[in-house]
Amino acid sequence: MSEHVFAAIDGSQFSEGVCDYAAWASLALSTPLSFVHVVDNHSQVPDEQNLSGNLRFGARERLMKELSELDEQRAKINREQGKFMLEAAKARAVEDGVNAPITRQLNGTLIETLVALEKDMRLLVVGKRGETAHQASGHLGSNLERVVREMHRPILMVPKIFKRPEKALMAFDGSKTARKGVEMLARSPLFAGTECHVLIVGADTAEHRSELEWALTTLRDAGHQAEGAIRAGDVDEMLQAYEKEHAIDLLVMGAYGHSRIRHLLVGSTTTTMLRNSRIPVLILR
């Protein structure tokens, strides 16, 4: 199987955004599009200790059987809902111009299923979870940090409403991995015609100025309009401030060794930052 853009559909309010961004990426990369819905059949039957100790054995046995039957019904409903969601996603992608998107419904846990698909994956598109606390815990947002930690392919986290990216900001720390990210940004058809910005969060040193100049030259040599800055302060705060000042509509980050940006990505700030961001975030691996 050739590499595909994979879009994980979970029925949350982000599904339309996932469809549209995945369609955009599929077309830009000239890569097939596959929609995936994962049905987690893990039993939700409570432990016996959660049942009343006053229940006689026969009553407890009946209750456990009824709970098991309810789980089976719930799983069946989830599968049927998933099929409808996949068909709706496919129809939307076709409207967006994608030729013959593929739909797949798989059983298992979300993370394990996505990891198993990695070998066929060029890009994974998932929805961010918003601030609405009523969303079901099984939705993608609740697994956000584990997705970031365990996947080894680029991940595009997207908001609810699609906007074709025109200005991309890359968080840059000068590392070898970060340089590969800039080179990818420069040559990827995903960013054709996109204005590219580079931000180094740190002191305004000669080394940082040299790193920034290399990044901007690399982007300009590839035909991009490019600009950037060096700013001291908190990584999260500086990224958000720059994003607002320059009307950035796509943030690009990478897993950069042991840098401050790496700590941001794998630390407790990760989920909050991704959920609060109103623009898509592309995490490079």
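H4 stands opposite M121 in strand β4. Strands β1 (residues 4-8) and β4 (residues 121-127) run parallel and are joined by four bridges; two strands pair if DSSP finds at least two bridges between them. The model is predicted: local features need pLDDT of at least 70, side-chain atom pairs count only at pLDDT 80 or more, and totals for chains, interfaces and linings use all residues. Residues are numbered from 1 along each chain as its sequence is written, and side-chain values use heavy atoms, with hydrogens and water left out.

**Sheet and helices**
- The chain has nine helices and 10 strands, taken as DSSP runs (helices H or I, at least four residues; strands E, at least two) numbered from the N terminus.

**Nonpolar cores**
- The largest nonpolar core has 44 residues, and F35, V125, L156 and F191 have the most contacts inside it; such a core is a set of buried Ala, Val, Leu, Ile, Met, Phe, Trp, Tyr and Cys residues joined through side-chain atoms within 4.5 Å.
- Helix α1 (residues 15-29) contributes the largest share of this core, eight residues.
- Apart from it lies another core of 32 residues, including V38, L124, V147 and L199.

**Burial**
- Of the 285 residues of the chain, 48% count as buried, that is, under 20% relative accessible area with a 1.4 Å probe, protein chains only.

Key. Buried < 20%, exposed > 50% of the residue type's maximum accessible area, 1.4 Å probe, protein only.
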